[in-house]
Amino acid sequence: MQTSSSKLRINGASARGLEDVTAFTSSICLIDGQQGELAYRGYDIADLVEHITFEDVAWLLWHGSLPEPHNRDQLQERLCAERHLPPIVLDVLRLTPEETDPMAALRTAVSALAHFDREAEDSSRAANHRKAVRLTARIPTVVAAFARLRRGLEPVAPRMSGSTARNFLYMLSGEMPGPRAEQTMDAALVLHAEHGLNASTFAARVIGATLSDTYSAVTGAIGALKGPLHGGANTRVMQMLLALRRSGQDPVAFVRKKLAANERIMGFGHRVYKTIDPRARYLRGMLYSLGRERDAMHWVKTCNDLARVVKHEKGLNPNVDFFSAPVYHMLGIDADLYTPIFVMSRITGWTAHLLEQWDNNRLIRPRARYVGPRGLQVQAA
């Protein structure tokens, strides 16, 4: 297994945004932007999303191999046992203003959870594994509780059985989801679990490299994901789709008007992928299935029309956000909860990277190339 390294390779001048700079070696995630390939621990994303659950993916990311049946049972038991929130953390959510950004509420709650974890400052590998499980179990409870409280509803207590996907949808609505909804939610969690050295994962590793604790690193990662250039794109995709639906405007005319004004069309293009995002391929299929099941094929048509004209006019492919937005919408989820749901999944990838960082830690300390003035002197009055 390759170990992490913080030796930064920079060829020539500094790269804006560290683009194409190799900062680590890692055995967690392979992304080939030219071929549109995404693999976790050597397993192609299409294989994973078709054949295993989110809980299996969590084990794979943390341990480097697929779980044996007894591993699967053990992890499921631990996740179920850790789902409940400390009462004071629920009180914090109750006191949070209803207009608060859900990512801000989640950031605060995750930070508060550290105060009620006796192992918060235990840096042993075993304790860090247990904290990864606790956070994976509790973040869905936080998201669902805040979503209900801001609508004047009481939180629904988590069930002590069932998948993460099923339990989350149950806590959100108070009703047990059907098999298709659970399967769709589970697949979405698999697709978002890990994606290499993105901004939030890098932030987590930078914080972890100082030998700070898991909760600090994850809180920092949530802060990075909250930024509109990283997380939140699927929320804005849904806002765009809903605005189109309300106005009745032709999607093709809408896109051309946006492009003529040099405005960005949300949900297209990717910093890494030069072809269609492999996650988007699967989400597009989920969109078709849900559209047919729920008599909502208008979302499919709108998305197809938008994708066709953006590809023709700009040569851009849809990314994961473009199709995940209407999928979540058809599951009855508010648009501003999409990024917190991203956290529910990506917590597994973040903690896998922290475990890898700590296996062979070195403080991350890149250099900046100074371009300011030199030799200035203070003039006497």
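This is a predicted model: local features need pLDDT of at least 70, side-chain atom pairs count only at pLDDT 80 or more; totals for chains, interfaces and linings use all residues.
# Cavities, pockets and a helix

By class, three nonpolar residues, three polar residues and one charged residue make up the lining of the second largest cavity. The largest share, three residues, comes from α6.

How many cavities of 30 Å³ or more does the count give? The count comes to two. Rolling a probe the size of a water molecule over the atoms shows where empty space is left.

The largest cavity has a volume of about 50 Å³. P102, A105, L106, V142, V143, F146, L337 and P340 form its lining. Here the elements that supply two or more residues are α5 and α6 (125–149). The lining of the largest cavity has eight nonpolar residues, no polar ones and no charged ones.

Helix α5 covers residues 102–113, and A104 lies in this helix. Is A104 buried or exposed? The relative accessibility of A104 is 12%, so A104 counts as buried, the cut-off being under 20%. P340 is one of the residues that line the largest cavity.

The largest pocket has a volume of about 1700 Å³. It is lined by 46 residues, and the closest to its centre are L197, N198, H270, R271 and V272. Several elements supply at least two residues each to this lining, namely β1 (29–32), α9 (199–209), α11 (233–247), α15 (320–330) and α16 (338–359). By class, the lining of the largest pocket divides into 19 nonpolar, 17 polar and ten charged residues.

The second largest pocket holds about 310 Å³ of space. Of its 17 lining residues, V49, Q183, T184, A187 and Y282 are the closest to the centre. At least two residues of this lining come from each of α1 (45–51), α8 (179–192) and α13 (278–293). Which of these elements gives the most to the lining? That is α8, with six residues. Five nonpolar, seven polar and five charged residues make up the lining of the second largest pocket.

α11 has 15 residues and spans 21 Å from its first C-alpha to its last, close to the 21 Å expected at 1.5 Å a residue. The buried residues in α11 are A233, N234, T235, V237, M238, M240, L241 and L244. These buried residues pack against α12 (251–260), α14 (297–314), α15 and α16. After α11 comes G248, which has a positive phi, near 75°.

The last topic is cysteine. C80 has a relative accessibility of 6% and therefore counts as buried. C303 also counts as buried, because its relative accessibility is 0%. How many disulfides does the count give? The count comes to zero; a disulfide would need a pair of cysteine sulfur atoms within 2.5 Å.

Key
Residues are numbered from 1 along each chain as its sequence is written. Side-chain values use heavy atoms; hydrogens and water are left out. On a 1 Å grid over the protein atoms alone, a cavity is a set of points where a 1.4 Å probe fits but cannot get out, and a pocket is an open set with protein on both sides within 12 Å along at least five of seven lines; lining residues have an atom within 4 Å of a point. Grid points are joined across faces, edges and corners, and a volume is the space filled by probe spheres set on the points. Helices (H or I, at least four residues) and strands (E, at least two) are DSSP runs, numbered from the N terminus. Ala, Val, Leu, Ile, Met, Phe, Trp, Tyr, Cys and Pro count as nonpolar, Asp, Glu, Lys and Arg as charged, and the others, Gly among them, as polar. The expected span of a helix is 1.5 Å times one less than its number of residues. Buried means under 20% relative accessible area, exposed over 50%, partly exposed in between (1.4 Å probe, protein chains only). Contact means heavy atoms within 4.5 Å.
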